[in-house]
Amino acid sequence: RMVRHMMRCADYLWVAEDGMKMQGYNGSQCWDTSFAIQAVAESNLMEQFPELSSNVWNFLERTQILSTPVSQDSSAVEFENPKQRERFYRHVSMGGWPFSTSAHG
């Protein structure tokens, strides 16, 4: 278990020119993507960028927490079984989106 934990440390800890840095989440990918695609849609530009629309849909589906077959294929699903939820004090998630990625959700 410790090896898998250590592999994720780079997501949260790094050394910058002025010393060690830490963040409590692994990004804002879902949040940023949802706002960007809303802007594209509100600007009536979706038809001009069909590949963008498709890629965003695929990303958001992969990021969604455990409510679609695609999201259930993510590496985060192993932490959502009842035993793991109890161990890590996680509430049951039946769907939704995290701030960043499904692994952080």
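This is a predicted model: local features need pLDDT of at least 70, side-chain atom pairs count only at pLDDT 80 or more; totals for chains, interfaces and linings use all residues.
Local features required pLDDT of at least 70 and side-chain atom pairs pLDDT 80 or more, whereas totals for chains, interfaces and linings use all residues. Residues are numbered from 1 along each chain as its sequence is written, and side-chain values use heavy atoms, with hydrogens and water left out.

Helices α3 (residues 29-42) and α4 (residues 50-63) pack at an angle of about 150 degrees, their axes lying 11 Å apart. Gln29, Cys30, Thr33, Ile37 and Val40 of α3 meet Leu52, Val56, Phe59, Leu60 and Thr63 of α4 in this contact (heavy atoms within 4.5 Å). Axes are lines fitted to C-alpha atoms over the stretch in contact, and angles run from 0 to 180 degrees between N-to-C directions. Helices (H or I, at least four residues) and strands (E, at least two) are DSSP runs numbered from the N terminus.

Leu13, Val15, Met20 and Met22 form a nonpolar surface patch of about 450 Å², to which β1 (13-16) and β2 (19-22) each contribute at least two residues. Patch residues have over 30% relative accessible area and no salt bridge, with nonpolar side chains (Val, Leu, Ile, Met, Phe, Trp, Tyr) joined within 5 Å; areas come from the Shrake-Rupley method with a 1.4 Å probe, and for residues only the protein chains shown count as cover. Methionine 22, in strand β2, is exposed at a relative accessible area of 60% (buried, under 20%; exposed, over 50%; partly exposed, in between).

The count of salt bridges is 1 (a side-chain nitrogen of Lys or Arg within 4 Å of a carboxyl oxygen of Asp or Glu). Aspartate 18 pairs with lysine 21, the closest N and O atoms being 3.1 Å apart. Aspartate 18 is exposed at 56% relative accessibility, whereas lysine 21 is partly exposed at 27%.

Note on methods:
Patches are made of residues with over 30% relative accessible area and no salt bridge: like charges are joined within 9 Å, nonpolar side chains (Val, Leu, Ile, Met, Phe, Trp, Tyr) within 5 Å. Buried means under 20% relative accessible area, exposed over 50%, partly exposed in between (1.4 Å probe, protein chains only).
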